[in-house]
Amino acid sequence: MTLGERVLKVRSKNAGPFWVTIDIFCGSDAAFAEVSARLATERVAELLGTPAQLVKRFDIADLNVVKFSVPRPVVQGARDDRDMHGAQWAALLEEAEL
Amino acid sequence: MATRVLVPSGVLGLGFDRGALARGVAQRPDIIAIDGGSTDSGPFSLGAGQSKYARAATKAEWRELMEARAEAGVPLVIGTAGTCGADATVDWMAEITEEIARELGQRLRVARLYCGQPPARIVAALAEGRIMPLSPAPEITAEGIAAMSNIVALAGAEQVQAALATGAEIVICGRTTDTAIISALPLLRGDDPGGAWHGAKIAECGALCSTNPTSGVIQVLFDATGFTVEPLAETAACTPHSVSAHMLYENSDPFVLHEPGGHLDVREARYRALNGRRVRVEGSRWVPGRYTVKLEGARIAGYQSTILAILRNRRYVANARLWADKLRAAMCARIEAKMGLQQTEFTLEFRLIGIDGALGVLETRQGDPVEVGVLGIVTAARQDVATDIVKLINPFVLHYPLSEDEELPTFAFPYSPASTDRGALYEFALNHVMALDDPMAAFRIEVSEMGA
């Protein structure tokens, strides 16, 4: 099962020009518990091409949300940027096997 | 003293529910505050000093807000005017305001808060050790700072309060933090500072903190112990979930928000439904700190020309990456031979739309697309060079064969000419803060009477 199939929604967006943040809305306590336990920070770092020690992780039980923030692989709008608003990185997590 | 702030929408230019705005005005707000921009659409706006929104849309919406202001008899404040909040876009917004004032027959006192930074001021601050990098920060030098086309400092509540103190009916701010235009008045009137900043963060995107994000209008009532937020569109509701979840949005840390002069900590905040559509929040904490303002700067990183072709032939679609790599190598050699340019003097990239156009090397999925868009991007130090390179490669992008022993293929050019000059490529060049002894030391307020 992919992460996207298990949860309500995955979204990603810039958090300023130098960061991107990914919110996983799990939708239920059970899904939150599963995602929180099974989605390793190292795996997310690998999908985003970022060293794991730069990944900020927040497991927010009140909202059933797991949130990751990472320095953008390319600064927003720089020559090599492909996605000005950073919204497509969500697909990498959505399609990853949980 | 309780303070009622009416936020018509998350940004001027994206529209709002008129009925909801009228309901907000009828509830007698103390101030109407709207954001005019962000860095969200990229470095162009700041680099060029231009608004990304159409002048016509901006003027039409601003007119409605100026009418609402006249009816409410309270100040109207816009933050980050003209998308980037550069001095040029503050003047652009002031010009629009003057036109509308004349058309409506309004006589107004208008304050402009300028946030643009002369490079010399930043260079001096750098030498004095008052510029600190955030993470991750680009390297900066005095020379690099001087080469930036625009630098702005993000004003906080103090500068907006100073502009309000002029007695202005309309305040047009350059770059402010998203929250400062909303928190300024509640803070001035002694409402709970944790609640003032937290409520401002919740309301800064308008109805995005509600169940109907596109309805726009939000009202926040600030007081001595926290704030109460409610949407004004009949179709929208704020719930503890919709409000608390908004702290996630475009925030790298959902619990801590840095502002000039301190930070907001919402780890202990409690969200409570007062009814089906209003939410009460208490327990947010404001932690005072050193007075620093964030800096944003943009500079030209080259000039670009692009070319677009579409591969539809099955064999070319299946071998698109190989084809693009071969084409790129051949073109780089040709540019070197024909134009005498070293490979360090230009870049040529082919992005394959349908393969990995949005994610590049991070893409994990493979498919069998019907067609592949080939977006060629040339970057060089001057526009005429980029233009010439793209002209040079044009016939090859149209006809380049996978092997030498086949008839020349012809791909689809969607228009003529297939190339487009993009002009300057801007890049963000600062992720730093500047320490100030006096909040107004890097800002300037000008007041004028406008209209009929």
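Two residues are in contact if their C-beta atoms, placed from the backbone, lie within 7 Å. The views below show a predicted model.

**View 1. Chain B meets chain A through 32 residues on each side.** In this predicted model, 32 residues of chain B are in contact with 32 residues of chain A. On the chain B side, the elements giving two or more residues are α10 (240-245), β15 (292-311), β16 (346-353) and β18 (419-428). The top contributor to that side is β18(B), with four residues. By class, the chain B side holds twelve nonpolar, 14 polar and six charged residues.

View 2. Read from the N terminus, the elements of chain A follow the order α-β-β-α-α-β-β-α. That comes to four helices and four strands. The C-alpha atoms of chain A fill a box of roughly 40 × 25 × 25 Å along the principal axes. A compact globule of 98 residues would have a radius of gyration near 13 Å, and chain A has 13 Å, so the two agree.

View 3. Of the 98 residues in chain A, 39% are buried. Take the contacts in chain A between residues at least 6 apart in sequence: 63% of them join residues at least 24 apart.

**View 4. Ten strands of chain B form an open, mixed sheet.** The strand order is β12-β13-β9-β8-β1-β2-β3-β7-β4-β20 in chain B. At the edges stand β12 (270-273) and β20 (444-451) of chain B. Each edge strand has a single partner, so one side of each is left without a neighbour in the sheet. From one strand to the next, the twist averages 20°.

**View 5. A parallel pair inside the chain B sheet, with helix α4.** Strands β3 (residues 76-83) and β7 (residues 170-173) of chain B run parallel and are joined by three bridges. Within this pair, I78(B) stands opposite I172(B) in β7(B). Helix α4 (residues 87-104) of chain B packs on the sheet. It touches β2 (31-37), β3, β4 (107-114), β7 and β20 of chain B. The direction of α4(B) makes about 130° with that of β3(B).

**View 6. Helix α9 of chain B also packs on the sheet****.** This helix spans residues 193-203 of chain B. Its strand contacts are β1 (3-7), β8 (218-222), β9 (226-231) and β13 (279-282) of chain B. The direction of α9(B) makes about 20° with that of β9(B).

Conventions
Residues are numbered from 1 along each chain as its sequence is written. Chains are lettered from A and ligands numbered from 1 in the order in which they are written. This is a predicted model: local features need pLDDT of at least 70, side-chain atom pairs count only at pLDDT 80 or more; totals for chains, interfaces and linings use all residues. The radius of gyration is taken over C-alpha atoms; the globule rule is 2.2 Å times the number of residues to the power 0.38. A residue is buried if 20 or more other C-beta atoms lie within 10 Å of its own, exposed if 12 or fewer, and partly exposed in between; C-beta atoms are placed from the backbone. Two strands pair if DSSP finds at least two bridges between them. Axes are lines fitted to C-alpha atoms, for helices over the stretch in contact, and angles run from 0 to 180 degrees between N-to-C directions. Ala, Val, Leu, Ile, Met, Phe, Trp, Tyr, Cys and Pro count as nonpolar, Asp, Glu, Lys and Arg as charged, and the others, Gly among them, as polar.
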